Amino acid sequence: MSTTAPAPPRATPERLARARRGTGRRFGWTLLVGAVAVFVVIPVAEVTAGVLTPTPDLWARLWSTVLPGMLGDTLALMFGVTVGTLVLGAGLAWLVTVHSFPGSRIFRWLLVLPLAMPAYVLGFVFLAIFDAPGPIQTGLRAMFGQDVWFPDVRSLPAAALVLSLALYPYVYLLVRSALLEQAPATFDAARTLGASRTRAAVRVVLPLARPSLAAGLALVLMETLTDFATVSYFNVQTVSVGVYQVWKGQFDRAAATELAGLVLLFAVAVIAVERLLRGRARYHQKGGRGRGLATVRLTGAHRWLATGTCVAVLAAAFGLPAAQLLWWAGGDLLTGATNLLDPRYAGYLTNSLIVGAVAAASCAVIGLLVAHSTRMTGGKITTIAAHATTVGYAIPGVVVAIGVLIAFAHLDTALEALGVPGGTGLLVTGSVIGIMYAYIVRFLALSYHSIDASFTKVSPAMTASALSLGASPARVLGRVHLPLVRTGVVTALVLVTIDALKELPIVLLLRPFGFDTLSVWTYQLASENRWESAALPALTIVAVALVPVVLLIGKDRLEGAR
Amino acid sequence: MRPLVLAMVAALMFGLAGCGILFGEEADIQVYTGRHYDLEQAFTKFTDETGITVEFLNGEDAELRERISAEGEDTPGDIYMTVDAGNLWKAGEEGLLAKLNSTQLNDAVPEALRDPEQRWYGLSMRARTVMYNPKKVDPSEFDTTNTYADLAKPKWQGRLCMRDSTESYTQSLVASLIAAHGEKRAKDIVKGWVENDTEIIDNDIQILENIDAGTCDVGITNHYYLARLLAENPDLSVTPFWANQGGRGTHVNISGAGVLANSDNKKQAQRLIEWLATKGQNAFVDGNHEYPVNPDVEPEPTIKKFGEFDYEPINARAYGALNSKAVQLMNEVGYE
């Protein structure tokens with residue numbers, strides 16, 4: 001974001017900064033980030049390269065028909081979800097972190113739970129409850145007659161609400177970890193200087209939390225961009241819906257990926273805005289980890305208002321959908337149609353766990369290495385490459401999956417051309433390696449953003465001192481950076497595990513014969529509208545996803561107690 | 001650094017373990033399928049009768065076609081099975097399917113429900129017809145010759161529920177309208193639906209529930225969703241009306257299959273498809289209340305009650321090609 005005019009090479013701010021940090025050019029680390037970026041971009045490029053050779057007919061036709069509406073819907077939805085997740089995520093993080101009221105200690109971690117609830121499940125349950133045949137409207141009709149007015153439930157605002165409820169934990173988690181890591185000194189200083197709590201919050205804490213806020217929002221928006229299932233429940237025509245329509249309805253994958261390229265442009269814009277929002281501001285912890293902000297005890301009506309707000313959000317985002325799933329699963333149990341005793345159940349569960357654990361570990365390791373390398377070199381190329389590693393998150397899973405398929409097919413052909421008989425054969429025909437590859441492409445952003453947000457709070461002076469004392473970059477990583485950014489690493493592990501558990505299109509397309517997961521099973525049943533039977537695997541996903549959330553919380557609480 | 005190394009080693013081992021699971025024993029026939037309903041039951045029965053083992057991989061029709069195409073000669077698959085004729089047509093066009101010479105299949109599957117070039121065969125039939133709430137609609141209100149087209153008339157204003165344009169069911173219905181009436185007339189029909197303030201719902205079950213709840217009077221859905229809802233609640237206030245009986249017949253689509261051109265077990269694969277079209281028909285279609293393609297096989301009782309009907313022959317070539325036009329047309333008139 002620097003707008004510095006060309007200056008004599010010796011005195012650029014960047015060089016000065018590097019010199020101050022004691023981080024010279026370290027080609028090895030730059031190379032590492034570059035390699036990761038190439039690795040991630042290949043499958044994305046394989047499919048979206050079509051954007052470079054656009055089909056004029058397609059674009060002219062789309063532009064004269066649905067494209068303006070799709071762009072409008074996409075922007076409106078992004079705006080709605082931004083407002084929704086900001087209010088819910090940042091507001092709740094602030095509320096529970098620096099206030100104490102009945103239940104505040106429990107809400108601190110309960111509020112993460114909606115992370116375990118897939119947006120499409122929430123959307124489906126929302127419709128089951130509020131749509132015309134649902135209990136609410138049926139009740140209203142019984143009381144006030146057939147023509148009773150009810151707001152349109154299949155609408156953009158409803159979709160924005162559901163997505164906000166499902167996605168706010170990203171903002172909540174990152175903002176909360178920012179508030180926890182923030183040294184209380186700044187806030188206290190502002191207060192000592194006479195600022196009211198609100199003023200100190202808005203003028204001091206908010207800017208301090210800005211990088212985390214921006215990182216959380218970037219994740220939310222990328223997730224919103226790729227969502228297909230939830231928005232189609234609500235008849236919202238985003239560009240991603242267009243991708244599916246062109247591909248499946250017009251049998252034109254090439255044209256569809258051109259549209260996917262448009263989604264990618266949106267994502268690049270999101271990343272750019274995120275950088276802009278962070279600006280050149282750098283806020284770092286002084287010394288060790290902060291002790292967090294002192295809490296304020298709420299009194300009177302405020303206490304109950306605070307408790308009520310948390311309960312309402314939790315009920316809407318987690319309680320109700322979980323209850324509905326339980327109801328369905330229970331109904332199935334009573335009619336004896338339950339699949340609880342299905343012998344394949346354990347296998348699906350194991351597969352899901354393997355996939356989740358491996359994806360989380362790989363993404364966390366790579367994300368940490370990329371963030372660390374960026375710190376080690378600090379050059380433009382490294383920074384750009386680091387951002388390039390996150391583009392996959394904005395590509396619909398199914399497009400990434402096809403990119404991986406094509407990349408493998410090309411690799412295969414290349415190997416055969418080089419005289420390796422059969423090439424990589426096994427890779428092409430569906431394998432866990434392919435799934436892992438696609439997951440890393442897709443979810444690296446989650447891990448990089450979480451870890452990077454933590455990194456911004458590590459003072460460069462810390463890195464510099466370690467380096468000047470003769471520690472190798474690898475040692476700095478292990479002994480200095482890792483301990484300081486471990487909140488970010490743990491957040492990364494949790495986010496990737498959960499997303500990998502919920503993820504569907506990649507596993508669906510890349511898995512080998514006989515490799516089914518819980519999400520695949522849920523999909524098979526739900527796609528036939530067998531929600532009663534789908535409820536059990538869906539609940540299991542939620543339950544399994546809760547484990548890392550609870551682990552995260554356990555850690556969180558230890559820190560809160562310090 | 002130690003935790004990092006450990007994590008990497010763990011990741012690697014998981015990966016290897018994963019691969020170990022995968023490349024264990026293989027079944028004789030591997031099926032890529034966009035169809036999920038009770039496949040397992042039918043395949044188990046086939047294995048019991050023939051000793052040939054079958055394994056299948058679920059997915060979406062279009063994605064699986066993409067996978068088969070990317071795998072090329074290395075594909076482990078032997079059969080491509082879909083829930084839509086358009087995707088079979090496209091697979092045939094792309095050279096992914098082998099030509100079958102099977103008199104058994106040609107005898108069992110009517111000409112109207114299979115590929116003229118014998119690359120794929122319909123195995124079950126799903127009718128997409130008009131559903132109405134008998135408390136609010138008298139069946140005499142429907143046009144018997146052009147039932148779907150008639151729903152564009154102003155008298156249906158505010159009374160309709162239909163499926164979204166992203167769904168292949170809607171696309172193939174509109175494609176059939178284009179095939180029958182030409183593009184211009186078809187466009188007027190769809191425009192009429194839109195101008196009638198049709199409520200677009202992305203789920204057939206919910207369309208039927210809306211009809212039952214009285215929030216719309218008439219909808220268009222696949223017949224088996226009604227059969228399934230009736231099995232749960234026989235008092236449901238929804239009745240099917242067989243569309244176009246005075247004209248070209250009710251719009252149907254098929255769930256069908258073909259043998260992959262790159263299959264290494266074409267003979268047994270063909271045998272499975274033959275079995276599904278003959279002895280295996282009931283095991284294949286009944287669980288989902290679909291109509292058997294084989295005229296010698298009786299449909300299951302629930303849908304038998306819906307009565308007999310004439311169906312419009314599948315013209316998959318036209319569907320596949322017109323599907324794209326259908327999407328375009330719906331886009332142009334603002335059908336969501």
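Which residues have the most contacts inside the largest nonpolar core? The legends below take you there and to several other places in this predicted model.

**Figure 1. The largest nonpolar core.** Welcome to the answer: V263(A), C363(A), F443(A) and V496(A) have the most contacts inside this core, which has 180 residues. Look next for helix α8 of chain A, residues 156–181, which gives the most to the core, with 18 residues. Now pick out C363(A) and its partners. Leaving out residues up to four places away in sequence, C363(A) touches I440(A), F443(A), L444(A), L446(A), S447(A), A492(A) and V496(A).

Figure 2. Chain A has 24 helices and two strands, and 52% of its 562 residues count as buried. Among the contacts in chain A with a separation of 6 or more, 84% join residues 24 or more positions apart. P43(A) is one of the buried residues of α2(A), together with others including W29(A), L32(A), V33(A) and E46(A).

**Figure 3. A bend in helix α14 of chain A.** How much does helix α14, residues 300–334 of chain A, bend at A315(A)? The bend there is about 55°. The buried residues of α14(A) include V313(A), A317(A), F318(A) and P321(A). Further buried residues of this helix include W328(A) and D332(A).

**Figure 4. Where chain A meets chain B.** Here 54 residues of chain A are in contact with 54 residues of chain B. On the chain A side, the elements that give two or more residues include α11 (229–233), α12 (239–249), α15 (344–377) and α18 (432–455). The residues of that side divide into 30 nonpolar, 18 polar and six charged.

Figure 5. You can find S168(B) in helix α7 of chain B, residues 168–181. Is S168(B) buried or exposed? S168(B) counts as buried because it has 26 C-beta neighbours inside 10 Å, and 20 or more is enough. Not counting residues up to four places away in sequence, S168(B) touches K248(A), D84(B) and G86(B). Another residue to look for is N323(B): it is 155 residues from S168(B) in sequence, but 8.5 Å away in space, C-alpha to C-alpha.

**Figure 6. The two domains of chain B.** The domain assignment gives domain 1 (28–125 + 253–304) and domain 2 (127–251 + 315–333) of chain B. Their C-alpha centres lie 27 Å apart. The contact takes 16 residues from domain 1 of chain B and 15 residues from domain 2 of chain B. On the side of domain 1 that touches domain 2, α4 (85–93) and α13 (301–304) of chain B are the elements that give two or more residues. Of these, α4(B) gives the most, with six residues. The residues of this side divide into six nonpolar, five polar and five charged.

**Figure 7. M162(B) in a strand of chain B.** M162(B) is found in strand β5 of chain B, residues 160–163. Its 26 C-beta neighbours inside 10 Å are the reason why M162(B) counts as buried. Leaving aside neighbours within four places in sequence, M162(B) is in contact with T170(B), W193(B), T198(B), I200(B), G219(B) and I220(B).

**Figure 8. Two loop residues with a positive phi.** Most residues other than glycine have a negative phi. Q118(B) is not a glycine, yet has a positive phi of about 60°. Q118(B) sits in the loop between α5 (103–108) and β4 (121–132) of chain B, and counts as partly exposed because it has 17 C-beta neighbours inside 10 Å. D197(B), also not a glycine, has a positive phi near 55°. Look for D197(B) in the loop between α8 (183–195) and β6 (199–201) of chain B. With 11 other C-beta atoms within 10 Å, D197(B) is exposed.

Note on methods:
Residues are numbered from 1 along each chain as its sequence is written. Chains are lettered from A and ligands numbered from 1 in the order in which they are written. This is a predicted model: local features need pLDDT of at least 70, side-chain atom pairs count only at pLDDT 80 or more; totals for chains, interfaces and linings use all residues. Two residues are in contact if their C-beta atoms, placed from the backbone, lie within 7 Å. Helices (H or I, at least four residues) and strands (E, at least two) are DSSP runs, numbered from the N terminus. Ala, Val, Leu, Ile, Met, Phe, Trp, Tyr, Cys and Pro count as nonpolar, Asp, Glu, Lys and Arg as charged, and the others, Gly among them, as polar. Domain bounds come from an automatic or database domain assignment. A residue is buried if 20 or more other C-beta atoms lie within 10 Å of its own, exposed if 12 or fewer, and partly exposed in between; C-beta atoms are placed from the backbone. A nonpolar core is a set of buried Ala, Val, Leu, Ile, Met, Phe, Trp, Tyr and Cys residues joined through C-beta atoms within 7 Å. The bend at a residue is the angle between axes fitted to the seven residues ending there and the seven starting there.
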